[in-house]
Structures are given as structure tokens and as C-alpha cells.
Amino acid sequence: GLVNQVVSHLIQTIRSKEGSFSSIKRLGTGSYYEHVKISEPNEFDIMLVIPVARLQLDECDDTGAYYYLTFKRNPPEKYLFKFLDEDGKLSAFKMLQALREIIKQEVKNIKNVEVTVKRRRAGSPAITLLIKNPPGEISVDIILALEVQQSWPPSTQDGLKVEQWLGRKVRGQFRNTPLYLVAKQNKREKAPRGNTWRLSFSHIEKAMMNNHGSSKTCCESDGPKCCR
């Protein structure tokens, strides 16, 4: 309840500020939302996503996970142009920094809850909030992501081998969902410039965990438990 209160307040403020983040929305991910956090829920991951129509994806290395992003001709998202670097690549670092500044200012305006923003960790894709919740505190990682309405890149072609488990139809449904890219520094780069983005499939991992096993009810019945 406390986390939702703080995050809803922040999203409302971020959206109300004219400009780059006005289309931002929330996507719940991470161990708490996947129902695999079994002790006290004191760590949360909140993905804040910005919808983008189309992007040019260029692989950054041979992992197939990291990409440089550039806009195709005449994109509707002109408001993101200020986050391009000198080569025209969309800078994850610049976007995260701008979002962090808005959040840092706004947490001061949250009444009846004490919220602070943790110092930035180099290369981390998260803006970490600490919410005082006596006797302890709750840590909330805010992850910035882009939601791109286009087909998945070739590097994903052979992945998601769930046919034997969830069926071909489910695999097809998964592959028709948008592409998510998080603002994550590629540590393999010799001179990190903060302009790499990493593919994220946490939404699909969550769906797989909620849609598990061939009988679908395996963990509810008295029968043998599935791999979940």
C-alpha cells in the first residue's frame, strides 16, 4: 500500500510535467509481483515505460541483448530528441538522469511518508527509492524502459522454447507482445557512453510463471508440483 501510494504520486507528477515523460506508465515486474518473494515484501521493482512507435535497433555486441537505438524517419516522439547523443543514438544515461532529477525534487513533496533517493550506482538501470517504514525501510527500484510496437529482433528467433511446455499458440502470443528495452549500460563496452539499452522479457517471465505446467492447475491440486 505504501509503495503504491508513493509510486502513484510520482507517476502523476511526472506525467503532469509537460514534455518527455508525459506518456509514462507503470508495468509491475520483479520478485514481489511474480509472487516469488516469500519473506517480508521489502524490495520492489517498478518498471516505468514510455511507449515508442518504431526504433532502429543495432546490436551492440554478440550477446544479442544490448542495442543502440536510433529513430527512423519523422518519428512522432520528437520530444525525446533532446536525449540523443552526438551520433543520434538515444542516450539511456541522459534519460535516466532527467527522470532521476524530477523524482529527486518530487519526493520532497510527498506528505506523511519519508522517501529518499539513493545515490546513483554506476551503470545501474535503477533509480532506488528508500521509503521509511518503521522499524525498517522499503527499497523500490524504478527501472526506465521503452515499450516498442514492432517485431522482436533476430537475436530472439531461437529463444522462448516453450512449445513442449505451454504450447505453440502461447509462444506465438508471447512473441506478439511489444518489445521492452531497459536503460542498461553494457559492461562489455570498452568506453561506456551510456547509450546502450538491454532487451527485457520480465513481463513474459511473469506470464510464464502464472501460466505454468501442462495441467495449469498443478500447484493448486494435491498432485505433484510442477517446476514453478
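User: What share of the contacts in the protein chain with a separation of 6 or more comes from residues 24 or more positions apart?

Analyst: This is a predicted model, where local features need pLDDT of at least 70, side-chain atom pairs count only at pLDDT 80 or more, and totals for chains, interfaces and linings use all residues. Residues are numbered from 1 along each chain as its sequence is written, and side-chain values use heavy atoms, with hydrogens and water left out. Contact here means heavy atoms within 4.5 Å. For contacts in the protein chain with a separation of 6 or more, the share from residues 24 or more positions apart is 58%.

User: How many helices and strands does the protein chain have?

Analyst: Helices (H or I, at least four residues) and strands (E, at least two) are DSSP runs, numbered from the N terminus. Along the sequence they follow the pattern α-β-β-β-β-α-β-β-β-α-β-β-α. The tally for the protein chain is four helices and nine strands.

User: Are α1 and α2 parallel or oblique?

Analyst: Axes are lines fitted to C-alpha atoms, for helices over the stretch in contact, and angles run from 0 to 180 degrees between N-to-C directions. The axes of α1 (residues 2-16) and α2 (residues 92-106) come within 10 Å and cross at roughly 120 degrees. Under 35 degrees is roughly parallel, over 145 roughly antiparallel, 65 to 115 roughly perpendicular, and the rest oblique. So α1 is, relative to α2, oblique.

User: Which residues of α2 do His-9, Leu-10, Thr-13 and Ile-14 in α1 meet?

Analyst: Both sides of this contact together divide into five nonpolar, two polar and one charged. Nonpolar covers Ala, Val, Leu, Ile, Met, Phe, Trp, Tyr, Cys and Pro, charged covers Asp, Glu, Lys and Arg, and the others, Gly among them, are polar. On the α2 side, the partners are Leu-99, Ile-102, Ile-103 and Glu-106.

User: How many residues are in the largest nonpolar core?

Analyst: A nonpolar core is a set of buried Ala, Val, Leu, Ile, Met, Phe, Trp, Tyr and Cys residues joined through side-chain atoms within 4.5 Å. Those with the most contacts inside the largest one are Met-95, Ile-103, Leu-129, Val-140 and Leu-146. Met-95, for one, touches residues including Phe-21, Leu-146 and Trp-197. The residue count of that largest core is 53.

User: Is Phe-81 buried or partly exposed?

Analyst: Phe-81 sits in the loop between β4 (66-71) and α2. Buried means under 20% relative accessible area, exposed over 50%, and partly exposed in between (1.4 Å probe, protein chains only). Phe-81 has 34% relative accessibility, so the label is partly exposed.

Conventions:
Lists of a residue's contacts leave out its neighbours within four places in sequence.
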